Amino acid sequence: MLATGSNAGGIAIYWGQNGNEGTLSETCETGNYEYVILSFLATFGNGQTPMINLAGHCDPYSNGCTGLSSDIKSCQAKGVKVILSLGGASGSYSLTSTEDAKQVATYLWNNFLGGHSSSRPLGPAVLDGIDFDIEGGTDQHWNDLARFLSGYSKRGKKVHLTAAPQCPFPDAWVGNALKTGLFDYVWVQFYNNPPCQYSSGDIGTLEDAWKQWTSDITATNIFLGLPASPEAAGSGFIPVADLTSKVLPAIKGSAKYGGVMLWSKYYDDGYSSAIKSHV
């Protein structure tokens, strides 16, 4: 993608929580997305055996998700970054110590990134990074996990770090981790959060929150996280016309503007296609 000043943005999409949303390779073949976030590694930390949950796509318990490797590679061949998301709204996860964070980082490196393991859940493909979608547990040691993961970038391929905080600032879960300045892409959830999301014609609260995020967080790019349809979230959906005429023009001037994140592929029935040329 050719960068044209601060106006060049991309679309990030979460994939993995509905078996009826199409395959990973089909998702990348649309050409609409620059980042696909696999959701979720929902169980990890605190001595638990880490386990991915990709809903109806495949069964990790029978090692049935290793076939995704070819899809991941086909996405990467198209220039799409494929990232594994940790957490989610209904996972079982927490980090109990710095050592626990180190063990989780080692597990992620060996099983999803550039390391080696005999039981890689998604097969041999090397993912582009790790997303922190932490919405529960505690707010402890995520900064440690970020530092340990970032350290692996010195071993060759860069490990991109991304996060999906809620729009009230600072985020209750990953606020401290974001202070490390190690995150490349931060897709802020401007939905299910009435105090800072857009509501029919009123851009003020969203714009204020956006300015706070872009001025107070050290990250390469900040993204506007949105539901891809009214059904995708309890609140915060922005109609295409409002997004392209009101919201995007108000935030694209920011040097840290990176684009739009959507939840999720299952709900994206034309929304990304309608907004792509404006992002």
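**Ground rules.** I number residues from 1 along each chain as its sequence is written. Because the model is predicted, I take local features only at pLDDT of at least 70 and side-chain atom pairs only at pLDDT 80 or more, while totals for chains, interfaces and linings use all residues, and side-chain values use heavy atoms, with hydrogens and water left out.

**Entry 1, the annotated span.** I looked up the UniProt record, an unreviewed entry, and it lists "domain: GH18" for residues 9–279. Its positions are in the numbering used here, feature names are shortened, and annotations may be inferred rather than shown by experiment. I find the end C-alpha atoms of residues 9–279 to lie 5 Å apart. The span is 28% helix and 21% strand; helices (H or I, at least four residues) and strands (E, at least two) are DSSP runs, numbered from the N terminus.

I turned to α6, residues 204–216, which has 13 residues. Which residues of α6 are buried? I list L206, A209, W210, W213 and T214. They cover an arc of only 130° around the axis, which puts them on the same side of α6; the arc is that of the directions from the helix axis to the C-beta atoms. On the other side of α6, D208 and S215 are exposed. Buried means under 20% relative accessible area, exposed over 50%, and partly exposed in between (1.4 Å probe, protein chains only). What covers the buried residues includes β8 (185–189), β9 (221–227) and α7 (240–251).

**Entry 3, disulfides.** I searched the whole structure and found three disulfides (cysteine sulfur atoms within 2.5 Å). Counting bonded cysteines along the chain, I get the pattern 1-4, 2-3, 5-6.

- C28 and C75 are joined at 2.1 Å, S to S. C28 lies in helix α1 (residues 24–29) and C75 in helix α2 (residues 68–77), so the pair ties together parts that are 47 residues apart in sequence. The link is right-handed, with 95° about the S-S bond.
- C58 and C65 have sulfur atoms 2.1 Å apart. C58 is buried at 13% relative accessible area, and C65 is buried at 0%.
- C167 is joined to C196 at 2.0 Å, S to S. C167 lies in the loop between β7 (160–163) and α5, and C196 in the loop between β8 and α6, so the pair ties together parts that are 29 residues apart in sequence. Both C167 and C196 are buried.

Technical notes: The expected span of a helix is 1.5 Å times one less than its number of residues. Contact means heavy atoms within 4.5 Å.
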